[in-house]
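Thank you for making the time this morning.

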Amino acid sequence: MAFHLLQRNRDGAQRLAEALLAAMAGVNHCERCRNLSDIPLCAICASERRDPSVLCVVENPADVQSIEQAAAFQGKYFVLIGRLSPLDGVGPEAIGIDKLKNLLNGGEVKEVIIATGATAEGEATAHYIGEVARATGLRATRIAHGIPLGGELEYVDSTTLSHAIACRRDL
Amino acid sequence: MRVDLHSAFVLHQRSYRETSLLLEIFSLRSGRVGLIAKGANRQRSAFRGALQFFRPLLLAWAGRGELATLVGAEIDGPFSALSGRALLSAFYLNELLTRVLHRDDPHPALFAAYRQALETLAQAGNEEPALRLFEKRLLEDIGYGLSLRFDVDTNAPIEPERDYYYQSDKGPWRNPPAHIDTVKVQGRTLIALAAALLHEPEVLSESKRLMRFILASHIGGRPLASRQLFN
Ligand SMILES: [Zn+2]
């Protein structure tokens with residue numbers, strides 16, 4: 001991309017560079033939830049219309065965006081900016097567990113919904129945070145994984161299918 | 001050079017460039033191998049669903065040098081998904097293997113032990129014995145098997161009720177010389193480890209301390225990151 005811009009579109013390259021610089025200077029992390037924010041306390045954390053007793057823990061800012069677009073959640077968030085990955089040296093500190101503990105000890109949160117990815121590292125992260133929440137005496141839940149709505153079983157991969165069977169529920 | 005489809009596990013993977021993955025695998029025939037899986041991060045990649053941790057796979061690759069290219073990946077039969085402490089334990093096994101094994105050095109017996117350990121971990125509640133027995137097999141396989149039956153000094157059989165002082169890569173002493181570095185361990189823990197019967201809590205916690213002490217000299221200076229996850 002860089003070569004393309006330099007050869008064909010130097011004006012565009014200039015504008016892109018300026019936009020990136022401005023974004024990097026302006027955007028920081030919310031001091032409460034670690035989401036990307038250009039003000040110290042992001043709009044969701046500051047909102048009085050969101051339920052502070054339910055906290056949804058996600059890996060990345062993009063996950064917050066997805067859940068917000070689904071408009072299915074009225075609580076607040078905590079963004080890990082990553083997930084536990086011991087072989088890459090990413091431990092609890094790197095994903096802000098200390099900050100999360102402070103938040104959980106604050107007294108407002110009653111339930112922690114853990115919405116990390118459905119990967120082995122996402123599951124390990126979910127387990128770890130679940131233990132942290134339980135140690136604080138809070139309810140910890142994990143989002144369900146399974147068959148996409150409108151999906152035919154024959155097109156679902158075998159891992160998802162076996163997970164969906166293991167996590168079946170009564171009708 | 002081409003290596004045909006055969007049993008392997010993914011030890012580690014991370015994104016590489018836009019759409020590829022760098023893999024560290026443990027294979028039955030070649031041991032630890034570094035591979036690049038081109039395009040595996042694409043939504044429609046044939047590799048995408050298969051390349052998962054702790055899942056028995058069949059992998060094939062081609063090329064030479066440090067990094068060969070993955071050319072085939074299939075899921076090899078059913079497996080039980082790991083969760084909770086068992087999952088953290090499995091990451092510990094992977095970290096241990098990547099730190100201790102050299103690349104392209106086959107360890108077929110250890111491969112079988114790894115598969116066995118994952119199966120044991122899938123039955124919740126067996127994490128600690130499974131980890132200790134795997135560590136014991138690992139040390140045997142790299143040529144540093146534990147010495148668990150006789151006092152290294154006097155050659156007297158280990159007695160369950162006595163205390164011993166274990167010296168790394170050597171064995172247990174009743175009366176160690178003052179200048180050597182050892183860890184204290186009861187005779188019955190050594191006997192239980194020799195018999196691979198780790199049930200009693202005290203034996204388990206002593207075995208853990210002993211293994212940590214011995215492994216320290218094989219994993220290099222940095223501590224294992226996955227150990228931090230067990231609180
Ligand atoms: Zn916020």
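Let me start with a question: is Arg134(A) buried, partly exposed or exposed? With a relative accessibility of 47%, Arg134(A) counts as partly exposed, and please keep in mind throughout that what you are looking at is a predicted model. The side chain of Arg134(A) forms a salt bridge with that of Glu131(A), at 3.3 Å from N to O, and Glu131(A) is likewise in the partly exposed class, at 32%. The two residues are 3 apart in helix 6 of chain A, so about one helical turn separates them.

Arg142(A) and Glu123(A) meet through their side chains at 3.1 Å, N to O, and because Arg142(A) belongs to strand 6 (residues 139-142) while Glu123(A) belongs to helix 6 (residues 120-135), the pair ties together parts of chain A that are 19 residues apart in sequence. Arg142(A) is partly exposed at 27% relative accessibility, and Glu123(A) is partly exposed at 22%.

Stepping back to chain A as a whole, we have 7 helices and 6 strands, and from the N terminus on the order of elements reads α-α-β-β-α-β-α-β-α-β-α-β-α. The C-alpha trace of chain A spans about 60 × 45 × 35 Å along its principal axes, and of the 171 residues in this chain, 37% are buried. If we take the contacts in chain A with a separation of 6 or more, 53% of them are between residues 24 or more positions apart.

Chain A also supplies the protein donors of the zinc ion, which are the SG atoms of Cys30(A), Cys33(A), Cys42(A) and Cys45(A), lying 2.3 Å from the ion. Along the chain these donors follow the spacing C-x2-C-x8-C-x2-C, and the angles among the 4 donor atoms run from 107 to 114 degrees, giving a tetrahedral site.

Now to the interface, where 22 residues of chain B are in contact with 16 residues of chain A. Between them the two chains bury about 1,600 Å², with 68% of that area on carbon and sulfur atoms. On the side of chain B that touches chain A, strand 1 (2-16) and helix 1 (84-100) are the elements that give two or more residues, and helix 1 provides the largest share, with 8 residues.

One residue of helix 1 of chain B that I would point to is Glu95(B), which is buried at a relative accessible area of 4%. Leaving aside residues up to four places away in sequence, Glu95(B) touches Pro86(A) and Leu87(A) as well as Leu224(B), Ala225(B) and Ser226(B). Its side chain also meets that of Arg99(B) in a salt bridge, at 3.9 Å from N to O; being 4 residues apart in helix 1, the two are separated by about one helical turn. Arg99(B) is buried too, at 17%.

To finish with charged side chains, the rule counts 19 salt bridges over all chains, and Arg85(B), Glu128(B), Arg132(B), Glu135(B) and Lys208(B) are linked in a network of them.

How values were computed
Residues are numbered from 1 along each chain as its sequence is written. Chains are lettered from A and ligands numbered from 1 in the order in which they are written. This is a predicted model: local features need pLDDT of at least 70, side-chain atom pairs count only at pLDDT 80 or more; totals for chains, interfaces and linings use all residues. Side-chain values use heavy atoms; hydrogens and water are left out. Donors are N, O and S atoms within 2.8 Å of the metal (3.2 Å for Na, K and Ca); water is not among the atoms, so sites may look incomplete. Four donors count as tetrahedral if all angles lie between 85 and 135 degrees; four count as square planar and six as octahedral if opposite donors are over 155 degrees apart and all others between 65 and 115; anything else is irregular. Contact means heavy atoms within 4.5 Å. Buried area is the accessible area (1.4 Å probe) that two parts lose on being put together, summed over both. Buried means under 20% relative accessible area, exposed over 50%, partly exposed in between (1.4 Å probe, protein chains only).
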